[in-house]
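Me: I am new to this protein and would like a close look at one part of it. Please take me through it step by step.

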Amino acid sequence: MPFVGVAMAMSSEQPTRRRALRTVGTAVAVGVLGVGSSVAQTGQDGEDGSNGEDNGGVDSPYTAVYRDTIDSVVLVTVTGPRGSGGLGSGFVIDEQHIVTNNHVVESATDDGVEIQFSTEEWRTASIVGTDPYSDLAVLRVDSLPDDVSGLSIIDREPAIGQEVLALGNPFGLDASISQGIISGVDRVLPSPSGFSIPAAIQTDAPVNPGNSGGPLVGLEGDVFGIVFAGAGQAIGFAISPRLANRVVPALIEDGTYEHPYMGVAVQPVGPEIADAIGLEDATGVLVVEVVPNAPADGVLEPAIPGQPSSGDVIVAIDGQQVQNQAQLLSTLALETAPGDTVELTVVQSGDEQSVEVTLGSRPESQLPQTPIEPGQ
């Protein structure tokens, strides 16, 4: 399924929300939507946030979440080389730091990141750390506007079917909200880094260019994921909160994050491969390539093309059954670290055995010709 990151390119003009709106004038009826801010809707004009109008006492749980969280959601504008730029979204996590996507800020020049809050206040931000493999970045500002507080990222996987709200700046339309549910979890998506992003959250909440880096929040206001891509047809994706909780603290502390690395490429085991190998059930992943000098080199045996029974099938890791690629990648990404030794249960030609692999750190280059999944 093709998908694209949902940052938004801008012209070389000094970025403002009004100019951001003009860049999409052909796609959005600006004359109808207007370019006013959302300040009044967050309770500035009326005590109930109704812009001074009587709402008949009727309120929505979505309105309540919006009022409680929108002040922590920001517009991220980026100036790049030769005046290029773009915009995305982000959200505050503590008194100094803002989380967004790596692809939103990766082209920024020094002092090229500006932050605007729903109060219309601006701050210049510095980049604390970036991680292209999880598509996360952390920014720092010297001071926050009054009454802005951090949002909390949950420490568990959200449940399929839970209601969520995507907050951000689609097409530069500031302080916007859209509603949907968690449509799926544990998705594996390709990334420009050459590795994939594991454990991604799928949602049907509409996300569009400009939503990148914004929070996907539950009805209690906690962050269920960080929006990073959309595929159209009411399908969007967010970075797993469990992955974010591993990466973000490291970016704040060290400016980078070390991902575990095994150095293999795998493919799913279908019925045909299971029959050839002698497996009762079509489960696990077949090793099809081992990177020379990688941690798995000399430990795992890749299959010869056209001869699946010649290679190892990974059916468990540290006692946990591996049913598919997504499960293997999620386990490595969320439960291991460089230097850990993992026990793999492998099957070859019907024989089962256990082997150990001591994980390394993911290399920055020297990627194999066959794409290697993240964490491997």
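Predicted model: local features only at pLDDT ≥ 70, side-chain atom pairs only at ≥ 80, totals over all residues.

Is Glu-121 buried, partly exposed or exposed, going by its relative accessibility?

Reply: Now to your residue. Glu-121 has a relative accessibility of 32%. That lies between the 20% and 50% cut-offs, so Glu-121 counts as partly exposed.

Next, its partner. The side chain of Glu-121 forms a salt bridge with the side chain of Arg-123. The N to O distance is 3.5 Å. Arg-123 is at 19% relative accessibility. Buried means under 20%, so Arg-123 counts as buried.

Now a second spot, for contrast. Ser-72 sits in a loop. Helix H3 (61-69) lies on one side of that loop and strand S3 (73-79) on the other. Ser-72 is buried, at a relative accessible area of 3%. Setting aside neighbours within four places in sequence, Ser-72 touches Gly-90, Phe-91 and Val-92, as well as Val-148, Ser-149 and Leu-151.

Finally, the whole protein. It has 376 residues, and 51% of them count as buried. Seven helices and 22 strands make up its list of elements. Take the contacts between residues at least 6 apart in sequence: 65% of these join residues at least 24 apart. The accessible surface is about 16,500 Å². Carbon and sulfur atoms account for 45% of that surface.

Conventions
Residues numbered from 1 in each chain as written. Heavy atoms only, no water. Helix = DSSP H or I, 4+ residues; strand = E, 2+ residues; numbered from the N terminus. Buried < 20%, exposed > 50% of the residue type's maximum accessible area, 1.4 Å probe, protein only. Contact = heavy atoms within 4.5 Å. Areas by Shrake-Rupley, 256 points an atom, 1.4 Å probe, with all protein chains shown as cover. Salt bridge = Lys/Arg side-chain N within 4 Å of Asp/Glu carboxyl O.
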